[in-house]
Amino acid sequence: GEAIHLAKAAGMIRRDMLQHKAQFSSTCLDGCLEDAVPSSLLQFVCMIEHGTDIKSQLQHEASKSDLAMSHLLQYNCFAKYKEGSTVHRHSKDHETPFAVYTGMHMFAKTRKRQLVDTLHENGLSISYTRVLEISAQLGEAVVAQYVDDGVVCPPVLRKKLFTTSAVDNI
């Protein structure tokens, strides 16, 4: 009986997780952490951590650990698993702010590819390749903002900016 209830709950939450799409944005406005995961997943994680009774739910808002666990579960939810594969490709539309932050933060602090790769292999962060891709996008966005704001921009850099379409891909 209990296994059937668990399977039904897992099936419902997993369906919500696979349908939920979130794309990395260079900003995180109010509610972006909660919006990165389906509400059913966050509620379930909160129930596991704080209890299932109504009083516990009213007393406890989602904590940082609730959000982090929800983000990691969402990031690591795959529609299909390839048998024998030790590493699975994470979809960009399932990237959560926690996984992105962890990879970017570790790279910024250590510049160690091996550390970022190890975190990625364990489902805790985006890949090293994705870290570099996001870093390049953020750098291009900053330069484009300087150009838009009319800030002094060397002619060589200005020429390069207007001949590349990379800025448009952010």
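Reader: Let's start with F107. Is that residue buried or exposed?
Author: F107 is buried, with a relative accessible area of 12%. Keep in mind that this is a predicted model.

Reader: Where's the cut-off for buried?
Author: Buried means under 20% relative accessible area. F107 has 12%, so F107 counts as buried.

Reader: How many aromatic pairs does the structure hold?
Author: The structure holds one aromatic pair. Its members are F107 and Y128.

Reader: What kind of pair do F107 and Y128 form?
Author: An edge-to-face one. The centres lie 5.6 Å from each other, and the planes make an angle of 75°.

Reader: Where do F107 and Y128 sit?
Author: F107 is in helix α6, which covers residues 97-110. Y128 is in helix α8. They are 21 residues apart, so the pair links distant parts of the chain.

Reader: And Y128, buried or exposed?
Author: Y128 is buried too, at a relative accessible area of 14%.

Reader: Which residues does A99 touch?
Author: Leaving out residues up to four places away in sequence, A99 touches Y75, L124, S125 and I126.

Reader: How far is A99 from H120?
Author: Their C-alpha atoms are separated by 8.6 Å. Along the chain, A99 and H120 are 21 residues apart.

Reader: New topic. At what angle do α7 and α8 pack?
Author: About 115°, with the axes 8 Å apart. Helix α7 spans residues 113-121. The two helices are therefore roughly perpendicular to each other.

Reader: Which residues make that contact between α7 and α8?
Author: From α7, R113, V116 and D117. From α8, Y128, T129 and V131.

Reader: What does the side chain of R130 make a polar contact with?
Author: The side chain of E133. The distance is 2.5 Å.

Reader: Now α1 and α3. At what angle do they cross?
Author: Roughly 135°, and their axes come within 8 Å. That makes α1 oblique to α3. Helix α1 runs over residues 2-19, and α3 over residues 39-50.

Reader: Which residues make the contact of α1 and α3?
Author: α1 brings I13, D16 and M17. α3 brings S40, L41 and F44. By class, that contact has four nonpolar residues, one polar and one charged.

Reader: Zooming out, how many helices and strands does the chain have?
Author: Nine helices and zero strands. Read along the sequence, the pattern is α-α-α-α-α-α-α-α-α.

Reader: And what share of the chain do buried residues make up?
Author: 30% of the 170 residues.

Reader: Last one. Among contacts between residues at least 6 apart, how many join residues at least 24 apart?
Author: In this chain, 58% of those contacts do.

Terms used. Residues are numbered from 1 along each chain as its sequence is written. This is a predicted model: local features need pLDDT of at least 70, side-chain atom pairs count only at pLDDT 80 or more; totals for chains, interfaces and linings use all residues. Side-chain values use heavy atoms; hydrogens and water are left out. Axes are lines fitted to C-alpha atoms, for helices over the stretch in contact, and angles run from 0 to 180 degrees between N-to-C directions. Helices (H or I, at least four residues) and strands (E, at least two) are DSSP runs, numbered from the N terminus. Angles under 35 degrees count as roughly parallel, over 145 as roughly antiparallel, 65 to 115 as roughly perpendicular and the rest as oblique. Contact means heavy atoms within 4.5 Å. Ala, Val, Leu, Ile, Met, Phe, Trp, Tyr, Cys and Pro count as nonpolar, Asp, Glu, Lys and Arg as charged, and the others, Gly among them, as polar. A polar contact is a pair of N or O atoms within 3.5 Å; within protein, one must be able to donate a hydrogen and the other to accept it, and residues adjacent in sequence count only if both atoms are side-chain atoms. Rings of Phe, Tyr and Trp (its six-membered ring) pair if their centres lie within 6.5 Å; planes under 30 degrees apart count as stacked, over 60 as edge-to-face and the rest as tilted. Buried means under 20% relative accessible area, exposed over 50%, partly exposed in between (1.4 Å probe, protein chains only).
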